[in-house]
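Trainee: I would like to learn how to read a structure like this one. Please take me through it feature by feature.

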Amino acid sequence: MTSSPQLTETIRQAMDVFTTRSMHEWSRYVKTTGLSMPQFGILMHLYYRSSCGISHLSEHLDVSAPAASQLVDRLVQHGLLERV
């Protein structure tokens, strides 16, 4: 049986591999859709949260409110979001 520190390290290594591969696949998918990673981040955030304001998105993405607003506007132009 493996020791606890050894098991912990094995789990960390597996999670590192999984995370790297997962992010690579998400990045590849996002590139095929023509979205930027921040735009995709907004869509994922709204999917799980349903709705929120620009100020919340700007804090979540660590960008200014005008930058978040521009990202949302591009998603609206592509028909992926509706601003209310």
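**Buried residues and helix packing**

Mentor: Start with S58, which is buried, with a relative accessible area of 9%. Buried means under 20% relative accessible area, exposed over 50%, partly exposed in between (1.4 Å probe, protein chains only). This is a predicted model: local features need pLDDT of at least 70, side-chain atom pairs count only at pLDDT 80 or more, and totals for chains, interfaces and linings use all residues. Residues are numbered from 1 along each chain as its sequence is written, and side-chain values use heavy atoms, with hydrogens and water left out.

Trainee: Where is S58 placed, and which residues does S58 touch?

Mentor: S58 sits in helix α3. Helices (H or I, at least four residues) are DSSP runs, numbered from the N terminus. Contact means heavy atoms within 4.5 Å. Not counting residues up to four places away in sequence, S58 touches V63, S64, A65 and A68.

Trainee: How are two packed helices described?

Mentor: By the angle between their axes and the distance between the axes. Axes are lines fitted to C-alpha atoms, for helices over the stretch in contact, and angles run from 0 to 180 degrees between N-to-C directions. Take α3 (residues 54–61) and α4 (residues 65–77): their axes come within 8 Å and cross at roughly 105 degrees. That makes α3 roughly perpendicular to α4; the class covers angles of 65 to 115 degrees.

Trainee: Which residues of α3 and α4 meet?

Mentor: I54, L57, S58 and L61 in α3 meet A65, A68, S69, L71 and V72 in α4. This contact has seven nonpolar, two polar and no charged residues. Ala, Val, Leu, Ile, Met, Phe, Trp, Tyr, Cys and Pro count as nonpolar, Asp, Glu, Lys and Arg as charged, and the others, Gly among them, as polar.

Trainee: At what angle do α2 and α4 pack?

Mentor: About 80 degrees, with the axes of α2 and α4 10 Å apart. The two helices are therefore roughly perpendicular to each other. P38, Q39, I42 and L43 of α2 make the contact with A68, L71, V72, R74 and L75 of α4. Those residues divide into seven nonpolar, one polar and one charged.

Trainee: What does Q39 count as at 5% relative accessibility?

Mentor: Q39 counts as buried at that value. Q39 is found in helix α2 (residues 37–49). Leaving aside neighbours within four places in sequence, Q39 is in contact with G34, L71, R74 and L75.

Terms used:
Angles under 35 degrees count as roughly parallel, over 145 as roughly antiparallel, 65 to 115 as roughly perpendicular and the rest as oblique.
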